[in-house]
Amino acid sequence: MKELQDLAAKLLAEKTVGLVIGWEQGPRGARPAFVADPKDAGRLIFDNRCVHNLAAYLSPRRPHLRGFGRIAVAVKGCDVRAVAGLVRESQLKREDVVLLGVRCGGVHDEPTDAGPLTAENLADRCVGCEVREPPRCDHVLGELPPAPPSRDGRRAGRIAELDALDHAARFAFWRQELSRCVRCNACRQVCPLCTCERCLADKTDPPWIESSPHTRANFAWHATRALHLAGRCVDCGECERACPAGIPLNLIGRKVAAVVERRFGYRTTDDPQVPAPIGAWKPDDGQEFIR
Amino acid sequence: MSGPASTRRSTLAAEIRQRTGLNPARCYQCGKCSAGCPMAQETRLRPHDILRLVQRGRRDRLFADDSIWLCLTCETCSARCPNEVGPARIIDALRELALESGEGEPPRAIRAFHESFLKQIRRHGRIFEFGMIAGFKLRSGKLFADVAKMPATMKRGKLALSPRRIAGVDDVRRIFDACSAAARKEVQP
Amino acid sequence: MSRIGVFVCHCGENIGRTVDAAEVARASGNLPGVAHATDYKYMCSDPGQALIKQAVAEKKLDGVVVAACSPHMHEKTFRRATAGAGVNPFLCEMANIREHCSWIHENRPAATAKAIDITRSIVEKLKRNAPLEPIRIPVERRALVIGGGIAGIQAALDIADGGREVVLVEKGPSIGGHMSQLSETFPTLDCSQCILTPRMVEVYQHPRIKLLAYSEVEAVEGYIGNFNVTIRRKARGLDETKCNGCGQCQASCPQKKIPSEFDAGLGKRTAIYVPFPQAVPNIPVIDSGHCARWKGIVKGLKKFACGKCIEACGRGAITFDLEDKIVTEKVGAVVVATGFQLYEIGRDHEADGLKGYGEYGYGRIPDVIDGLQFERLASASGPTAGKLQRPSDGKEPRTIVFLQCVGSRDPAKGIEYCSKICCMYVAKHTMLYRHKVHDGRAVVFYMDIRAGGKGYEEFVRRAIEEDGAEYVRGRVSRLERDGDVVRVQGFDTLSGEPVTIDADLVVLATAMRSQPGIEALAQKLSVSYDRHGFINEAHPKLRPVETNTAGIYVAGACQAPRDIPDSVAMASAAASKVLGLFSNAELEREPNVARVDEATCAGCFHCRRVCAYGAVERKEIRDKKGNLVKVVASVNRGVCQGCGTCQATCPGKSVELEGFTDPQIYAAINAFQG
Amino acid sequence: MSEATTSTETTAGTFEPRIQAFVCNWCTYTGADLAGTSRIPMAPNVRIIRLPCTGRIDTLFILKAFERGADGVIVSGCHPNDCHYAAGNFHARRRFAVFRELIDFLGLDPDRITFSWVSASEGKKWSEIVNDTTERIRRMGPFSAYRGLAGRTP
Amino acid sequence: MRLGYFPGCSLHATARECEESLRAIAAPLGVELVELDDWACCGATSAHATNHLLSVALPARTLALAEQQGFDTVLAPCAACYARLASARHELARDRSALERVAAILERPFTNAVKVVSIAELLRDLTPRIREQARRPLGGARVAAYYGCLLVRPTEVSGFDDAEQPSSMETVITAAGGTPVEWRRKVDCCGAGFSLSRTGSVIRLGRAILEDAKKAGAEAIAVGCPMCHSNLDLRQKAMSRTMPEPLGLPILYLSQVVGLGLGLEPSSLGLGRHFVGTGRFVEKATAPPAPAAKSDEPRKEVA
């Protein structure tokens, strides 16, 4: 942690960067921190409560961070995929940011959770983590922690359960879940890859997505959002964490990711050079569903 | 395409394809297999003939003589086949088919060899060569062939005389039973 | 749009029989925004069209819907009529109530209800139509031809003779291509060089052809009518303007043992060389890989071992200027004619996904050669001056065995297609051989004889019947060197016998492949190519010399294996396409192209990835002070073909395809289902 | 809109589904024209919207059609390698593949949608697509489950 | 290097010299050979000519044993065993359902994770070590490398060398100090599968091979297959019956050639067990180097 603080202070003092985005202790657990003054670098922390994917702050939709020049941002191994996504889609120039990779042995579900990680409280995306050592970073900090506790993925299990149901039962489940959506757009706001200047859902001519938050509109909205994230979603789970209604949005993202992997052999990667699967094609892509 | 055309297709070719994953229809009769086949001068049907008869569904002619049994499985045909037809594996499959359905029989000597060989494995788990030669001779009727070589072979310490059974011989027998049961099942429609 | 006219056609009985056209007109007349609705027996007839013009004038209509046949039938007719009435033609739409309704339904009420639905949906769509103007693109009436083989030469001459300028780019030091290496040509046995070299000279002397030999296309930007081409002129090491082609330098060069590319490795050449005596341009190049001085300069040496050619040149032309030069040309059309290469069947083709033929010993057995090498052996201009002498010992071969389909029709080795020319040139080879060695034996191993072409079958029969070529139907398993013969182990599938022949020479008819590097060129040109690297034509039947990129054409063996007549025919076809394009100074196109809303575009460039035409460009948006605000997508209207894939892909819907915009489609769906 | 045929309108008491088709201009639209020229009778339930290419067909169209009352949807275009625009159908195929599995996961029966390749020469195939889809949707009944989601959640 | 060792039936009997020489060269080459416990026969030609499933299941049992006994690589010095093991491995790697089916028959855990190597592949990969340990130039003895069928075919199964112009054995022979000869029949079939059942064919095929090697100037033939060995060795007399004089071409296992090159005692390599006498060859190979040759200096790779 000292290493992170010292490096942040040094980068700020040398004016290598104008801002360091990291995590700090807030009133209720860890929270994102924005440090522009080297003197404040001591606020920075990293531990297993630092769940936030700070790459979201690199999106060009955050113009208020523009005036700082180069930005250093602390990223866990998994967060690098989001940075790669932004670079891949011309939303960010890699040289405009300094990546402070933090070695990570898994995080909690919520930034307010505390204590050692157990199989029970480990965030689902950390199960079977392969990027404890953050790839493609400018600096890599901390000791390599042990692998997170092993267990089965809860969401994978939940998806399998849902898959086993018939349409009516699945429909009932999602109708129930999606009926709670109030279209507060927290999912969209927190998503590092939702980078549209003007969201389709805010477009009124034509109003493809109905604006009132009834269940039908919510189906269309979340289905369309998932499709737009197909092959792009980095599975950070921030949408689900941010959702005030507690809708299991990550289930949809994971399901789509599984479809994309099975069909196109593609998994979201931290290599910005690897093109995403939607927007590409192969002559022998599966078409068993087409007559 | 549907209708009569599809039902007229050679079921033999389809069966071979199902067994081997190889498509006999790919053979365009270039003859490269036969040109390189070491046994071509001894067989009536050469590899490309065999492929043609498979395409035409002529089980009668395929199983009528020794040809398929004289393949050494040296794989030269498959290695050089321009169209990746895989004649060697297809001939293997034809031999299996002949045995399972009883339509064809290997020449006595070859059958005797295979039978004593497999019997040895089933009995001991391994081949014990003296026993095998003895069994072969009884089955093939070639009683005196090679007898002259036996003493020389033994003198060189090359024939293990006492069969030794492996510990897992039951394992091996179970494998044999399961595989021949599976083969029997395949003959039935 | 608030004053729409709806015109319902009976199409005689065609529509009227099952659809109540009057009822459709009545129902449509009640639609909001419809100011006029009527029905008529034949809308497409002159009186029918007059009806539209009259109604537009009288009712001040601002949009027209014709409910009649398929737009594929009469959309142009009615748009012209609408334009004639003074309304933008793109404010006319057709409702297809014939092919999609009256002709396929029997039940009159149901068909009528459906026709009303269709018409209503089109009316609602039309309300969101915008007036469009056709796109006019200025055309630079000069052409670029890439490749100086027979196809490129033919295309360049045809275009130039048609009155337009041509830039002809050839990668090698001379034009002429593979054809210049051939001895005689099938099916007439006329001498290849005799028919080719006059054409080469014609290119050189043509006032409208700019020949850039020893040059390569570096980059291509732009679109139909407006390509900017960057060309690398590779350093020849001498001043072309001073050289008069006297050949003294070549005679003086001490490096004389370099395998000649022109002679397919069977002859030798010097380090400074003209590839063959009739080369065009007749200017030498210095081979950087073999010239001692060149290598010295590259290494930065101060003193050089050799300067013989400099001394020999009476004109001071040899400068050893090693800098490539970059030139740019602006052209309106491109003809790709890069030709082919032969499959070299040695073993090392892993990189190309080809396996090679270990069993044929090519490269190990000196008397196993390929067809092009045989051409050089048979050619009067070849290394043996046309005397047939085999490579190993110079002996005249008494038995030659020819193998067809080596590499071709052989998926196991990586190529499944037929190379098309081999059957013919092997027959030719047997003839050439038998004409030179009357008692020699020519044996051909073949799988099928494919001699479709004028005079082709007759030619092959002549080789067999008159010239005594022995044809054996079967592939050869293996070639082995045994003493001074090559043992050919084959099988005659027709007689069912193994065939073993001891040959003095074996000639392999190896497959035709696309040129190395064609993929990179195709990508520069944004034209598509198949998995073998052959350029794809836009349509195999109807657009055989166009590519999927407008303004880029294809000719010759870079599109598929082709013989000389085919290549020349394609070249002339491509030239006529180019001349057609150049017949007007401006190009007019339908305006159904994509348009980006720069205000909302986030610059993610998903659209650019899906565009098959390279029509999406990056555009920088700057504020008044010139600071970069953002980079957005921008559609080049000259290049866009209007498929709309970009729009469906754009997550924020910041692209609209004119004529099929989201508001139009939305309105159409709403009208159907609402 | 009084003239509108609606799915509640019945012929002899049977349910008449409303089906929205989105087709490409070059293959399927022309194939449907051919079906007409060949006078191949088919169910009158399908309403075609013409688009230049399947590449233009947005999944939003499909959702919107269901929302506005369609009981079934047909999406059709050129066979692979036949696309007038080289690759629009390949892009569309990936898009639809994901979309189909996604809505399936959300509990919407993907059998509500027929995806097909119908070339300009396959007028007969188009009629089969139309008839089969109509029959299938008729068996499945009105898609009020989705349409009705706008009301209060039960 | 620790290898699971699958001798196969013949290395305990007719091919004893192969086993002996292998064990002799293992230590100097830094290889530990551990015989698989309770291995069974691979089924050889007989299984796969009659029952495909059996021809996969028998080798699969051996591969499963190797897996359980903690090996990641199995050496099958007999080319026939190698071909059966490698074919089974290849087939099961491509076909998941077949793997499950076979695992069920075996009634033991099996993931098909063990690699199979032939004697030629193993020794080729050990070439640097052979060169380093070579003590004898073999008197420049000219050796024809004979691959036969099963070391190089089917190509997709073996794949460690070119099917038509393989070179791994030549590389090994050169490293051991021998001189490989160029000849034509190195991948031809000797017919050994019919050694007992159709002797006439075998004699015809074997004779062509021996003649060609002789013609190319070979003083011995190196093999990697006990079937080829017994065929060319045991039946050589019969094969040369129609010739003016016996061929007298000793047939050596590649491991024996390497053993001689490493300077091991000929008797430890089983060289006395051959039908065709190896004496003259051994004599030449073990003769003290001529004074001019500096045998201590590392030789240059010729191949």
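Along its sequence, chain D runs β-β-β-α-β-α-β-α-β-α-α, where helices (H or I, at least four residues) and strands (E, at least two) are DSSP runs numbered from the N terminus. This is a predicted model, where local features need pLDDT of at least 70, side-chain atom pairs count only at pLDDT 80 or more, and totals for chains, interfaces and linings use all residues. Residues are numbered from 1 along each chain as its sequence is written, with chains lettered from A and ligands numbered from 1 in the order in which they are written.

Q: How many helices and strands does the secondary structure of chain D come to?
A: The pattern to read is β-β-β-α-β-α-β-α-β-α-α. The tally for chain D is 5 helices and 6 strands.

Q: What share of the residues of chain D count as buried?
A: Buried means that 20 or more other C-beta atoms, placed from the backbone, lie within 10 Å of the residue's own. Chain D has 154 residues, and the buried share is 66%.

Q: Among contacts in chain D between residues at least 6 apart in sequence, what percentage join residues at least 24 apart?
A: Two residues are in contact if their C-beta atoms, placed from the backbone, lie within 7 Å. Counting pairs at least 6 apart in chain D, the part joining residues at least 24 apart is 81%.

Q: Which residue just after helix 8 of chain A takes a positive phi?
A: Helix 8 of chain A reaches 23 Å from first C-alpha to last, close to the 22 Å expected, which is 1.5 Å times one less than its number of residues. Just after it, with a phi of about 60 degrees, comes Gly265(A).

Q: Which helix of chain B gives the most to the side that touches chain E?
A: Here 45 residues of chain B are in contact with 43 of chain E. Helices 6, 7, 8, 9, 10 and 11 of chain B each supply at least two residues of that side. The one giving the most, with 9 residues, is helix 11.

Conventions: Buried ≥ 20, exposed ≤ 12 C-beta atoms within 10 Å, placed from the backbone.
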